[in-house]
Every structure is written in C-alpha cells, then in structure tokens.
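Here's a quick briefing to read alongside the structure. We'll go through a sheet, a core and the way the chains relate.

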Amino acid sequence: MKTTAHSPQGAISELIARRKAGFSLERDFYADEAIYRVDVERIWRRGWLFAGHTCEIPRPGDYFSLEVDTDPILLVRGDDDQVRGFHNVCRHRGSLICAEAAGQVSRLVCPYHQWTYDRSGALVACRGAVEGFDKTQFGLRRVHTREIEGLIYICLAEEPPSFGPAQDVLAALAKPQGFTRAKVAKTIDYEVRANWKLVWENNRECYHCNVNHPQYIRANFDHYNADDTSPRVQKEIEAAVRRGEQKWAEAGLAATHTQTGMTRFPDAENNVWFSANRTPLVEGYVSETMDGKQVAPLMGDYSEADVGTLRIRTLPNFWNHSSCDHGVSTRLLPAGPQLTRVRVTWLVHQEALEGKDYQLEKLLPFWQLTSEQDWEICERQQRGVNSSAYTPGPYSPFKEYNVDSFVRWYLKMVSREA
Amino acid sequence: MKTTAHSPQGAISELIARRKAGFSLERDFYADEAIYRVDVERIWRRGWLFAGHTCEIPRPGDYFSLEVDTDPILLVRGDDDQVRGFHNVCRHRGSLICAEAAGQVSRLVCPYHQWTYDRSGALVACRGAVEGFDKTQFGLRRVHTREIEGLIYICLAEEPPSFGPAQDVLAALAKPQGFTRAKVAKTIDYEVRANWKLVWENNRECYHCNVNHPQYIRANFDHYNADDTSPRVQKEIEAAVRRGEQKWAEAGLAATHTQTGMTRFPDAENNVWFSANRTPLVEGYVSETMDGKQVAPLMGDYSEADVGTLRIRTLPNFWNHSSCDHGVSTRLLPAGPQLTRVRVTWLVHQEALEGKDYQLEKLLPFWQLTSEQDWEICERQQRGVNSSAYTPGPYSPFKEYNVDSFVRWYLKMVSREA
Amino acid sequence: MKTTAHSPQGAISELIARRKAGFSLERDFYADEAIYRVDVERIWRRGWLFAGHTCEIPRPGDYFSLEVDTDPILLVRGDDDQVRGFHNVCRHRGSLICAEAAGQVSRLVCPYHQWTYDRSGALVACRGAVEGFDKTQFGLRRVHTREIEGLIYICLAEEPPSFGPAQDVLAALAKPQGFTRAKVAKTIDYEVRANWKLVWENNRECYHCNVNHPQYIRANFDHYNADDTSPRVQKEIEAAVRRGEQKWAEAGLAATHTQTGMTRFPDAENNVWFSANRTPLVEGYVSETMDGKQVAPLMGDYSEADVGTLRIRTLPNFWNHSSCDHGVSTRLLPAGPQLTRVRVTWLVHQEALEGKDYQLEKLLPFWQLTSEQDWEICERQQRGVNSSAYTPGPYSPFKEYNVDSFVRWYLKMVSREA
C-alpha cells in the first residue's frame, strides 16, 4: 500500500477507520495490490460464490471450470448426480487437471502423469507410487458446494458460513423461474479493467440509468427515486402492480417490490449478502427485451407472460434478472486490483430451439447493451479514481443508498479477523 | 528499491549521496518503481509542465486532456476565453469526465451520473443531493495554468513555484513565432519504453547526432563541439551569423546563440528550468526540413524566411524547435519507470491549408525521423542500463556538459523535502 | 514474498527448512518475485550457463547475444579466434551495444556515441573524453567463457566455480558428435509461461512421456522404470545394448547407460551439475526422428549410423540429445518468476545442405513436438501451482528420483551464502 502504512493489515485498518460515512472509498481500496489481496483473503476465499448453473452440467461427468483470483476451480457432476466442487489442481505436482472451460469426463485424469480421480474426487490410480502409499489422503481438495434451484454456489473456506438463510429466501422466489430445467442460450465473457467493487457499486444504483441505459429505463421503474417519482410515474407503477396482482396470485407468485427505486440490499448490519424480489415491468413490457415482447417460450412454472421480473443478487459475485421467457446471470471473478472477469449467461427453457423458438438477435441486446454500457462506465471510473486528486465524494441518500450499504458491507467483511 | 535500503526516502538519499560527479546515474534511477514514485511526487507533481497549445482550443468550450502518470487532466477554454486546467475527475464518485483526447463542450457533464460543471469548473447541477448540499464545495479540482505566447503550462501542486522568470525569458523570444496564431498540422503519439530521464539526457547533447541524425546535422551547427569545431566549421557559423545579423536586426530578432555546441541548459545551481534561444541554420537552410527549403507559409511576425531556428525547452517535459514556417513541440509524460509517453506536434500558420499551402510529406520527415531515431536510442539504452553489470560512466566535458547539468538539476529536485 | 516473512532471505530460509523430503516445492518457489530474485542471484549469476555453439560464430567478428534475466550478454569471436563473453552494455552511458540477435562486426561500436571496442573488448576510441582519460579502465565488462567441444559456456560471477570436472566428463563423450564441425539447421525460440524450475522438473523424468510424447517413446527406453520394465522390455534393451556393443567398440564409443529409466542426474550431494551418457535406441531406430530413420549426413567422427543417442545436460540451463546425424540443444533463460525463454537449436554436419542433404520437415518434428508438448505441460502446471490450494505432492521413487535430485540440488544452491 504505497500511500499509507507498512503492513497491509495496519494500512487497511487505518483506511477503514477514517472512512467518512456516506462517502465513496479512498483510492487504495480500488487500486492497491495489498488491499486487493485482503479482499481475496477475507471475502473471496471466505464467502459463498456463485459458480454457474446446474443446467451447464446436466449429465454425470459434465464439468466446467472457473478461476477465483488465481485459484482454478472445477465443478463436476458425479455418478450420484451430485454436483461437486474441487480445486482443479493435481495432488501430485500441482498441474491443472482440466484446462478446458467445460467438458465431459469419465474420470478426472491429470494430463501430466495420469493421476486419476473419480468423479467424486477420490484418487483411484497413480502409477509409480511408493509402497504403502495411501491414496485416500490424496483425493482432490474439495470446495463446498450448494445448489439453489439450479444455481450452484461454492465456498473456498474450510468452514463455510451458513448457507441456510440464503437458501430459504432465494429458493422460494427462484423456483418458478425453472433454472433447473433451463439451458444456456449464450455466454459472453468480459475483462473489465476495474476493481470488482466498482462493478458492484455500479450495480447497486440506477441513478446512472437515465442517460446510460436507454433500453433499460423503458422497461423498468427502478431508476425513479424518492426525488423524481412524479405523480404520473407513481400512477404507472401502481397500475402495473394492480395489473399483475390477480394474475400472479393465481400463479402463486407475488410482487415483493412494488415501488419505484431499488429494493434495499445489502444489509451490512445483519450481514445479508443475498436477496431476491419480483417486481412489475412497465405497461406493454412482458420481458426485459428491446421492445418488451416475449422472445422465447415461457420458462419454469409460468403459464402467463406477464410476471414482471425476478431479480436475485448474492454478494460478492452474482446477479440475475429473469423475465417470463429468459434469465440473465452475471458472474464476477476478481483477477487483480484493477481487473474483473465477468461472464454474462442467457438462459432459456431447456427445450427451446435456437432459430425456431428464439433468435439470439432478439434475446441478447437488452442485457448485452446494459452490461457493456456498465463496463465502460466502470473502466472510466477506475481511470478517474486512480488520480492522486481523487477524493471520496458524497452518495445521494435518495439514489445511492444501496451503494452506501454495499460499502458498509464490504468494510465489515474486510474488518473481520484474518 | 530492490538493491538498496528499505524506505524509498532512505534509499534515494543514499543513492544521491554516492553519485560520482560527472558520471551517469545508477541503475535504480532509471529502472526502479520506488524512485519513479519519488520522481512523480517531487518533480511531476510540483513543477510547471507543458500541457499543449492555445491554438488547440481556440473557442470557449474547446478542451483537450492528458495524463501525468495516472493523473488525468483537462484543459478547457472558458466563456471568458481563459484557459483553465482541471483534474478530469468527477467530485461525486471519481469517474473520468471527458474520456476523449479533445472535444467541445457547453458544460462538463460526467457521463456517470451527469454531475454538471460549467466551463469554469463550478458544479452547477447534481440530481439527488442531500438537502443543504453545498455545491460550491464540489467544483472540479483546479490545476494552475499559465500561458506563454500560445504555450499552455500547468502545475499540479497546491503552491506552484514562481512562473515569472520563465514568462519573462520565454515570451520575448517566442512572440515573433506566432504560436497564438498557429494551428496544429499533425500530432504523433509515441510510447517510448524508457525512463523519462533517459529521454532528456538524449535531448541534452548532440554528441549522438553525427551518426544517428544525418538529416539534423545537415541543417545545424550544434553537434560540433569544443573538440571538433574545425576552422572551416568556425568560418561557416560565423558567416551564418553575419548573414542573419542585418536581416534579424531589421525584424527585431536577435541571434542569442552564435557558436557551435548547444547552449547551456539547465542551470541546476540557479534552478533554471527554462530557456530559449535563436541560432542560425547552415548556409542554404531556411527551415529544419530535409532540403532546408521553406515548406509552409511564414508564421507569426516573420516577413523573411531566413530567421534561423528558435529553440525553447522547459523541464521536465517540453522542447520546441521552430523555423520561419513551422514549429515542432515535443511533450513528455511519464507513465512508469520504464515508459514515457511522447507527443510530437507540428504547428503552422493558422490560415495555411494542407495540400495547398503545405504538404505533410514535406513538413514532417525532418522531426519525425529525428524523434524516432531518438526513441530507438533511448529504448536501447534502457535495456543496457537494466543490466546488473551496468555502472555509471563518464560524461564528456566537451559534449555532454548539459547532460551533467540535467542530472544535477534532477538530483537537486528530488533532494527537496517531501 | 507475500505469504511468509518480510525479508526474502528470512522467507526463503524458512521455506527451505520446512521442505518435506520427497515432495515438490511450495508455491512461492515457483511463483514469487522475491524468490525468483534469489534464484537469479545465487544460481544464474553464479554458475556456468550454456550460451550457444561455437559453430554459430565461426569467423572472427561473428557474435550472438542473449539475455540472462535482464542482463544482456554478447559472445564474440576475436581476431585470435577465441570466443569471448561481454556484458552487452556500453561503459559510457549504458546503451546496449548490439541490438541484433547475431551478426558480424569488425569492431563493437556503440550506436549511441560510437564508443568503439575491439573484438577483445578493449575500448579503442571514444571522442570527446576528458584529457588524461584512461581507456584501459573502460573496456567491456567480461564474462567468463569456456568451450567444451563446440559448446560455449559463460559465467557472470567474478569468481566462477570450477569448470574442470565438467570439461573432463563432457568433452570425452561429446567429442565424437562433432559439434565443432556442425552448423545450425534451425532455431526456434519459445516463451514458456512457467518458472524455470518447472521446466527442469519436467525434463528430469519420463514418467509423463507415455501419454504426452508418443513419438519419443517409440524411439527410447527411458520412460520405462523399475515398476514397469517388463521382461519383454528388458529383453529389448539388452538386445539393443548388444547390437551396439561391437560397432561402438570399433568406433571407440561406449554405451554408458544400458538400462531402462533415466540416468541419475543431478547429484545434489556432490554438486554434480553436468552429465552425459550414450544409450541405445530401440530396434529399428538410428536417429531420434519420427520413423527412426537417418535424416541427415553422419556427423562428427561417426562412420556408422547406429550409435544410439548421446545426451548431455548441464544445470541450470542446457540439455542436448544427439543422434548419428543431428543434435538438438535446448537452452533455458529466466525472464521472470513465471516466464522462461527457451531456444531449441538443431545442428547438422557443417557441410550438409538443406533441401539436398536434409529436409527440415524430416529433421524437426521429433524434438519440435516433444518440446512443445512439454511447454504446454509446464504452463498448465504453473497455473495449478499458483492456486492457494496447491500443496506439495509426493514424488514417485521409481519415476521421479531425478526430480527429487534436482530439487535437492536447487535448495542447496539457494541455501548458499549471499
């Protein structure tokens, strides 16, 4: 940490202590290598991370890989149909086992010396071992995994934090969306040259939407806030809520966010790192698409298009917006103090056929545009924050309450014992 | 600092203390990250830096941007026709405001949340602020600016050093060149993989010119030195001086450097970081061009082509060679211990038309070649200096007196209190 | 060193002390910048390094250059026909003298200010020096050089370690190969994104050959080990040894490795960093080529194709496999904690003509494939070793005895006094 103290520990404590409430963080939090290492240790290697979707690995032996900072991880569906997470690192001499992003294996065979693990991670073959070598001590290192209605979570810590509360809250809302019966229509990977926290801060407010996301604001109400929800807008959202109420009740759904502005998340004080809600779209929109029209067959349990949008978010690395016909997952992975790898995944009903039931040129633009507009914003912000003249600025209490909540959550996480 | 002490402060003091007079600097000065940070703090964020030309932003609202290390800066012409400098960093959450290299704005609007500043940097609009928010406290951070006859200087320090002496010396010589009534004919940007000091040391001697700059030495006398100014050469420069004397006197100009070798600059002891002089060209040359012929209409106050060359240089980042018909500005910006961004700009009379009054293929080669030859030299030197076997070598007292002066100026600057 | 102590010295001692015998090294040894610096200081700047072949610079004035970490080195044949090594750094201001990979010079002239050195490195001309300047103090800095039958070695240390034992052992075996009368048929340069020790560990076992090097195992016996040398294989190698015995004895050659598995090297305890041996190829192979057939004229003293393979290796940066008709040299140079530059050079008889006496498409594939397969392995291993979940794993005593020997040799080298 160039500009502060000698030990990262001392430096970060000092920086945390002098944070001015309601203001953005100091530069080092977004730019400094030592603080990035603290983020990796205390947040990314401790909490629950979204990894991917169960539908990406439907059959035993299917796998996909990801990299959390420099930790390569493998998710594999076992013979018992369970999804397991492993460090993608051979116990022999540390080679990466699966170099591909995804694939199908009968056994996990290290390409270096063919140490062979079964789909549950147990070492089953290694030529040349010393006599009496105990294979049971050399299975692949596991990472904890959990599933919520088709969403796979991992935790790299030995003792993971509680998952139950997230499970309870998210499962109920996610279930009708049918992610367990979905398929991936498209994945786009991005390298965003910005600290992962800038990406989250961008996600936690719609103050920037008016000018930056023209397509987004045509479909949604959340860019309106306490200061600019006019009587006309108020009437419109009330009408949209009423419109949905009867239909949704019939379908067993409920609007859980029925006002303008974003639902409050996270809750730093109660360590709430997960949330979900269903909220109406504007009149004439049944899907988050460029013209609001449905672009793919209904997903999940829906029998009706007009179900608003379901939104799920879990810290530190996931959000999803889903409509009646498709869902879009965004996954962040940190790759350096000023580099975040982002994957955006479009999901549709598992039986939908591209070209017949849906067209990518109709499915993708809404969230591809919104995503890419945001990445550009984040990269521009990073360049400004890197300035020696940057000083923390004030959040709007009407529009950036969630950014402040995110910052408070973040500071609480990194203040924990090492 | 790998090879010396633990604190950059201690290390640099030790390195300064053991510098052998008349010898080049030790490797760390050219290669080490910690010393580079000291250079940025004590030189680049304290002194006057050349930013650009007034003619680049002729109308109110015109701006251009630059980056000093990681500090993005904006130069804007205001409604009152004054040029102002700002940190290109929004006071809200630190986003870069203008991402383009240059443009025209009626107001400076941050693309993130549309915080809006007028052309004088005052915050005039920000939606969503808390009640009682005092906009006057959130104007853009200013950087000091000065103009000398069309050259714009900035200073990032709160308390800039005196500018008056530079103003006095440079204005008188620069005035007849007419940079205030010029236009940019061409700009070329370079990334030179060398420490900024190597670039300056290269600039401060013409010892290397004989072999490296064949076109340059055909036009000039400064590569001759005390040891190789033959009687023939001495006669030539005397003739050139006499040739100019009468004409120049009529035009109110004066040759201020009338001998071979380079004029002495900088003056470390008296902290002279600026200098200018007019000197004759060789017989047959009226412009620094490949064949010595005029390649564009006369600039400024000149009514006669044979005015020699005007040369201006200011530390740490500017030099300019101007002839009767064009001027060439070189601007350095540091971007890392071994990376310097260089911009070379060709200026001609504001009314000159490309293709009609001048051709780029005639205008550019002399200084494009000279520049690119030098960048290659600097990059080759950086590679050698990086060697663990490199040790400082002796400067020639006849040919490298200015390199030694530069090094002494540099050491004085970085020895100042932090 | 991020994860351990504050001084690299303390950190490496701690890491060395806790190394578990028979296990691979901890992550920092392969990934950390501070340990890489220790490797450079204690191994690369102290020991004998393979530089290239005498046949690359047959005439006085021929030179080639290489870079050991950031130290540029020049090898030049002098007027007295001796090969000398120099730091490729001008004594004046540190410029690289020869920027090209290889060439021919009458004198070594620095391109910056034409300081001129003769082919023995003596400074013979420098314009502009102060009166009384003693040129003899400013010759090029020498690096020690030695030759073994056409192989050039350098040492960057002031006091090189003994070379005699290596000379004795290697010269006898290398002589009949005729490297002194060879020519370079092809050179390929690689940038391998792996620590140099991973490249060596890969080289020190053939445990990985079965699956990764199909072409290699068809020609050789060394991938068989104590645990998998079947009676059939044992018979084959015995037959191959017998086949060679008479012929070789006639030619004054001897098989010095006549069993399956790799010859033991290095010997950490006795600091044996060099070794060579001749070993038979499988029935039907007279050369390490795709089909085992001879692909170029016989080299050196051979009058018979069936001479097995000669193998030479010297730590930390060289190995060579040679057949009757060609030799292949591999040279490693460290360029960062996770970057190794590798050059593979194919040698044939000096009078062999490409297209007539040999075809590159026959000559190259065997070792080009084997090399590139290995680089991919090493890069995959580096990615896995970078994981925070990587922990040292056990070496096979049957198959990886030489990897363990290499690691012990390495630890001994870096444990030496600074």
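In this predicted model, β11(B) and strand β16 (residues 339-349) of chain B run antiparallel and are joined by 10 bridges. Within that pairing, Ile188(B) sits opposite Val344(B) in β16(B).

**The sheet in chain B**
- These strands belong to an open, antiparallel sheet of 6 strands, ordered β11-β16-β15-β14-β13-β12 (chain B).
- At the edges you'll find β11 (182-192) and β12 (274-279) of chain B, each pairing on one side only.
- On average, and ignoring direction, neighbouring strands here are turned by 15° against each other.
- Helix α5 (residues 196-203) of chain B packs on the sheet, where it touches β11, β14 (318-322), β15 (327-336) and β16 of chain B.
- The direction of α5 of chain B makes about 150° with that of β15(B).

**The nonpolar core**
- The largest nonpolar core has 341 residues, and Leu75(B) and Leu75(C) touch the most other members.
- Leaving aside residues up to four places away in sequence, Leu75(C) touches residues including Ile57(C), Tyr63(C), Phe64(C), Val83(C) and Ile152(C).

**How the chains relate**
- The contact between chains A and C takes 24 residues from chain A and 23 residues from chain C.
- On the chain A side, that's 9 nonpolar, 9 polar and 6 charged residues.

Conventions: Residues are numbered from 1 along each chain as its sequence is written. Chains are lettered from A and ligands numbered from 1 in the order in which they are written. This is a predicted model: local features need pLDDT of at least 70, side-chain atom pairs count only at pLDDT 80 or more; totals for chains, interfaces and linings use all residues. Two residues are in contact if their C-beta atoms, placed from the backbone, lie within 7 Å. Ala, Val, Leu, Ile, Met, Phe, Trp, Tyr, Cys and Pro count as nonpolar, Asp, Glu, Lys and Arg as charged, and the others, Gly among them, as polar. A nonpolar core is a set of buried Ala, Val, Leu, Ile, Met, Phe, Trp, Tyr and Cys residues joined through C-beta atoms within 7 Å. A residue is buried if 20 or more other C-beta atoms lie within 10 Å of its own, exposed if 12 or fewer, and partly exposed in between; C-beta atoms are placed from the backbone. Two strands pair if DSSP finds at least two bridges between them. Helices (H or I, at least four residues) and strands (E, at least two) are DSSP runs, numbered from the N terminus. Axes are lines fitted to C-alpha atoms, for helices over the stretch in contact, and angles run from 0 to 180 degrees between N-to-C directions.
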